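Student: Can you walk me through this one? I'd like to go bit by bit.

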Amino acid sequence: MRFALNVLYSGILLQSFVVDRFSVTAIFDPVQFNKMVQILMSERALNDSPTCTLLSGFVQTAMGEAGEEVVLYVYDLTGGMAKTLGQTLLQKNIEGIWHTAIIVFGKEYFFGSNGISICDPGTTALGNPLRTHSLGKTCLPEDVFQEYLRGLEQDTYSADKYNLLRHNCNNFSNEISQFLCGNSIPSYILDLPNEILNTPFGQQLAPILELFSNSIGIHPGVRRSGSDFESLNNDIDSARKQSALLEEKRNKLNEKLEKREKRKKKKKDKNKHLSDQFCIDSEPSSSRKYCDNRKKMSENGTNGVNNGVDRPATAIAENDAEDLERKELELKRKERDPPIVFPDTINVGLNIRVQNELERLVGLIDGRINPDDMQYVAELDQYMLENEGSWALGEGFLSFVGRLLNDDQLVSEVRETILNILAAGALKDDIILVLHQDRREHILMNYANGFDKLPLLEQLALTLFMCNLFENSSTSEWLLYISEWQLGSSSVSNIRVTTKVAVNSLLSEDKVLQDRGTALVHNLACKEVKTVVCIAFDIYM
């Protein structure tokens with residue numbers, strides 16, 4: 001016997017399935033199933049907040065700096081019903097059905113069936129999160145993050161790629177977390193879909209959930225209607241969101257004005273303190289007379305110059321305080337040691353143009369690799385010589401680099417040449433987007449981990465690449481990531497590999513390689529990684 005299973009949400013028939021009664025176990029309850037459907041689809045209403053907008057409509061008013069904390073918000077879509085429904089439907093204890101979002105740069109970012117969305121933290125239809133997890137701090141500025149998000153929106157996290165079970169908000173949160181700070185979100189969140197699908201009931205319902213996930217095209221509670229009605233709804237939503245954005249801008253402007261007034265008051269008080277201190281420490285003759293006169297001028301509100309234009313004493317105080325702060329900043333800049341990089345070096349101390357290196361690479365690999373891989377050389381030419389952004393390098397570019405670095409059939413000059421080209425690219429400020437594509441395979445760092453076994457010319461090219469990565473703060477922080485992965489029987493990380501390369505270079509008999517090792521140790525010390533370097537010295541000595 002066959003019967004129809006109607007899936008309802010908010011009173012709307014969303015999907016109807018014909019099910020063989022023998023294919024569903026006795027524990028199946030259509031009412032309970034509809035409850036589960038409502039829970040799983042409740043993420044579609046998350047955008048129904050005045051502060052929420054899709055990434056495509058988001059306008060950034062000010063860019064945040066690197067060093068922001070990254071926080072994971074965890075919500076239970078069931079509102080506490082998961083334990084009961086888990087036992088009833090799945091015969092398994094589950095704590096919750098999780099929805100997650102990333103909080104960074106003052107906004108909440110999440111992925112749903114409408115694409116990537118942005119809102120003020122905790123203002124979705126789910127309210128406040130059930131719990132939060134600190135994921136670390138990001139070394140990336142907000143403009144790089146926004147560029148990365150827009151790339152995801154056009155590719156792996158567009159609205160049509162959403163899948164309830166395999167490609168959802170939690171996968172997005174994990175991807176963003178790894179990009180921003182190199183850490184994954186907790187495994188209990190990522191493992192939940194498999195836990196549900198591995199139950200007998202979950203396996204029987206998987207095909208239905210797949211169809212359900214791929215077939216719904218409207219928000220719950222919104223009936224398909226004529227274009228005029230939809231247009232009116234869209235206009236109302238747009239006006240509501242615009243009003244919320246204007247209110248947010250107004251509040252931020254007021255906060256800035258308050259902070260400016262506080263800074264002015266602080267400068268005035270600081271300058272008064274400095275002036276009083278000067279008077280106390282000065283000789284009691286001319287300096288004391290000067291201080292007495294200045295005090296009188298401050299009380300009278302003049303600067304003592306009788307030229308018809310009186311300046312308020314507060315203006316003098318503010319100018320003096322600003323000059324003092326400016327001098328302090330200049331002194332700090334002078335005291336700060338800059339990183340040692342090699343912008344004019346491409347190949348073992350010779351000033352060879354990148355174009356020559358690219359031509360050399362083509363000559364070395366032409367006819368020796370898959371012809372399709374030559375497209376990546378063309379992409380590299382676009383990025384390096386035509387000043388195109390890192391978007392010019394396709395998703396398979398790092399895999400292509402990995403094949404060049406690890407193919408024993410290719411001569412050593414191939415590896416030396418591609419590393420020299422990457423060393424020049426390391427000076428570009430958007431190379432970090434390419435490096436973050438390597439966070440799963442660790443192609444570059446796995447190769448660098450075998451530094452002590454590489455020929456000298458490959459060692460020189462690799463150290464040049466790593467030194468030049470210290471040109472930008474985001475790429476230098478990438479070298480210092482502490483997240484570990486298994487390579488054979490050893491646990492390795494970016495900071496371990498970077499330190500290994502630095503120490504081995506210092507112990508080399510080659511003068512140029514020693515210089516590169518010195519530069520790496522200097523750059524690490526400037527980043528305050530002295531403890532790690534000292535430990536590494538103990539190990540290798």
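Tutor: Start with a term. Two strands pair if DSSP finds at least two bridges between them. Helices (H or I, at least four residues) and strands (E, at least two) are DSSP runs, numbered from the N terminus. The model is predicted: local features need pLDDT of at least 70, side-chain atom pairs count only at pLDDT 80 or more, and totals for chains, interfaces and linings use all residues. Residues are numbered from 1 along each chain as its sequence is written, and side-chain values use heavy atoms, with hydrogens and water left out.

Student: Got it. In β6, which residue is the bridge partner of V104?

Tutor: V104 has K107 as its bridge partner in β6. β5 and β6 run antiparallel, with three bridges between them.

Student: What's going on at the turn there, with F105?

Tutor: F105 has a positive phi near 55°. F105 belongs to the hairpin of β5 and β6, which has two residues between the strands.

Student: And what does β5 pair with over six bridges?

Tutor: That is strand β4, residues 69–76, in the antiparallel sense. Across that pairing, I102 in β5 has L72 opposite.

Student: Is strand β5 largely enclosed or open?

Tutor: Strand β5 (residues 98–104) is largely enclosed by the rest of the structure, because seven of its seven residues are buried. Buried means under 20% relative accessible area, exposed over 50%, partly exposed in between (1.4 Å probe, protein chains only).

Student: Which way do the residues of β5 point?

Tutor: They go two ways. W98, T100, I102 and V104 point one way, while H99, A101 and I103 point the other. Buried residues are found on both sides, and that covers all of them.

Student: Okay, bigger picture. What's the strand order in the open sheet?

Tutor: Six strands make it up, in the order β3-β7-β6-β5-β4-β8, and the pairing is antiparallel. β3 and β8 are the edge strands, since each pairs on one side only.

Student: Which strands does β7 pair with, then?

Tutor: Strand β6 (residues 107–112) pairs with β7 over five bridges, antiparallel. Strand β3 (residues 53–54) pairs with β7 over two bridges, also antiparallel.

Student: How many residues of β7 are buried?

Tutor: Five of five, so strand β7 (residues 115–119) is mostly covered.

Student: New topic. How many salt bridges are there?

Tutor: The count is 11. A salt bridge here is a side-chain nitrogen of Lys or Arg within 4 Å of a carboxyl oxygen of Asp or Glu.

Student: Which partner does K107 have, and how far apart are the atoms?

Tutor: K107 pairs with D120, and the closest N and O atoms are 2.7 Å apart. K107 is in strand β6 and D120 is in the loop between β7 and β8 (131–137), so the pair ties together parts 13 residues apart in sequence.

Student: Are K107 and D120 buried or exposed?

Tutor: Both K107 and D120 are buried.

Student: What about E458?

Tutor: E458 forms a salt bridge with R415, with the closest N and O atoms 3.1 Å apart. E458 sits in helix α17 (residues 456–468) and R415 in helix α14 (residues 412–425), so this pair ties together parts 43 residues apart in sequence. E458 counts as buried because its relative accessibility is 2%. R415 counts as buried at 11%.

Student: And which residue does E484 meet?

Tutor: E484 meets R496 in a salt bridge, 3.3 Å from N to O. E484 lies in the loop between α18 (473–479) and β9 (485–487), and R496 in helix α19 (residues 494–506), so parts 12 residues apart in sequence are tied together. E484 is partly exposed, at 48% relative accessible area.

Student: Last one. Where's S474, and is it buried or exposed?

Tutor: S474 is in helix α18. S474 is buried, at 7% relative accessible area. The C-alpha atoms of S474 and D430 are 9.2 Å apart, though 44 residues separate them along the chain.
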